[in-house]
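The structure comes first, and the notes follow.

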Amino acid sequence: MVKKTSRKKAIIILIVLFIVAALLSIVRHQLTKTKFNKDYVNGNSGGNLYNAGLFCENGGRIFFSNPSDDHKLYSMTTEGTDLKKLCNDTASYINADEHYVYYVRNNSSDDSAFSFLKWNNNSLCRIKRNGGDVLILDNDPSLYASLIGNSVYYIHYDKSDASTLYQVGIDGKDKKQVASAPVLPCCTSGPYLYYSGVENDHSIYRMDARNNSTSLFLDANCQSPVVTGDTAYYLDCDNNYALTKADLTTGEAVTLTAERIDRFNISGSYIYYQRNDTDNPALCRISTAGGEPEELLSGNYTDINVTSNYIYFYPFNDDTTCYRIPANGAANVTTFKP
């Protein structure tokens, strides 16, 4: 009788352990399975991604490459408080949605222009918004990552095809080449990706991420197009890389400033840009409506990134010093030291 009772207890214990193990497995699966987006969300602005995507604002948080910690991936509030380190990866081309942060990591100590070609140091990654384990979406060297819905479009490098446009799911599956040319997937709006051609011409093309079909969008010889609403901003290659905007309803193009521009970004009613002038280089801004440019800071600057409260930028060839200007229109420049 005692033996039968003991046997029943053992069976009950085994059943309970089996149920607990099954429940733990279900919980683990729920915690680790990819959370997909319900629509074609965009991970960062085109202006930021053309400028290395060092800052990305999403859902009340700013995800950024921290200049005070070897450009490791951090987050903070839009006011610059509640600083959190997400991982030890050196991050750029940062994107975010409501579940994850996507970025290109470059952990090489080599600062040369081709350091991104070093395997094992550079890859396309995903991490939860509050940190944790890193999921590698592509182990090969990657650049210019841009989230559209449940896919990341990016420049992929391998020895056989060199640099080409790729797409991979946010779960790391269905990686494939989208275009045989290294078109920059920076500017997105909903399911659409806008880019300037790099093979036969430099017109603006539009790719539909729902089927990856491509069509001519604007006949122009341009660089770094940013499409917002019914306006396209770009650098006019036929006009000394002057900052230009085109009305997409009429096709009329207007030169905002005849100065040669290296890079630009848009914040509200202002366009911030680096003036390329051998004798008088400077960080400047101009109204999106045009008018007289305003010089903000003399010298050469790069990586102009925009958030709701600040415009961030770096001195050329100095990635340890980061400056910022309030986005409310005030011209006072301060050093960003998180």
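## Cysteines

Cys 284 is buried, as its relative accessible area is 0%. The model is a predicted one. Cys 187 has a relative accessibility of 2%, so this residue also falls under the 20% limit for burial.

A disulfide is a covalent bond between the sulfur atoms of two cysteines. With a cut-off of 2.5 Å between cysteine sulfur atoms, the count of disulfides is zero. Cys 187 is thus in no disulfide: its nearest cysteine sulfur belongs to Cys 186 and lies 8.4 Å away.

## The sheet

Seven strands form an open sheet in the order β1-β2-β3-β4-β5-β6-β7, and the pairing is antiparallel. The edges are taken by β1 (55-58) and β7 (135-138); each has a single partner strand, so one side of each has no neighbour in the sheet. From one strand to the next, the twist averages 50°.

Strands of a sheet pair through backbone hydrogen bonds, in either a parallel or an antiparallel sense. Strand β2 (residues 61-66) pairs with β3 in the antiparallel sense, and six bridges join the two. Within this pair, Ile 62 is opposite Met 76 of β3.

What share of strand β4 (residues 84-96) is buried? The number is 10 of its 13 residues, so β4 is largely enclosed by the rest of the structure.

On one side, β4 pairs with strand β3 (residues 72-77) in the antiparallel sense over three bridges. Lys 72 has Thr 90 in β4 as its bridge partner. β3 and β4 make a hairpin with six residues between them. Gly 80, which sits in the turn, has a positive phi of about 90°.

The pairing of β4 with strand β5 (residues 100-106) is also antiparallel and runs over four bridges. Here Ser 92 is found opposite Val 104 of β5. β4 and β5 form a hairpin as well, with three residues between the strands.

## Summary

β4 takes part in two hairpins, one with β3 and one with β5. Most of its residues are buried, 10 of 13. The sheet that holds β4 is open and has seven strands, with β1 and β7 at the edges.

Conventions:
Residues are numbered from 1 along each chain as its sequence is written. This is a predicted model: local features need pLDDT of at least 70, side-chain atom pairs count only at pLDDT 80 or more; totals for chains, interfaces and linings use all residues. Side-chain values use heavy atoms; hydrogens and water are left out. Buried means under 20% relative accessible area, exposed over 50%, partly exposed in between (1.4 Å probe, protein chains only). Two strands pair if DSSP finds at least two bridges between them. Axes are lines fitted to C-alpha atoms, for helices over the stretch in contact, and angles run from 0 to 180 degrees between N-to-C directions.
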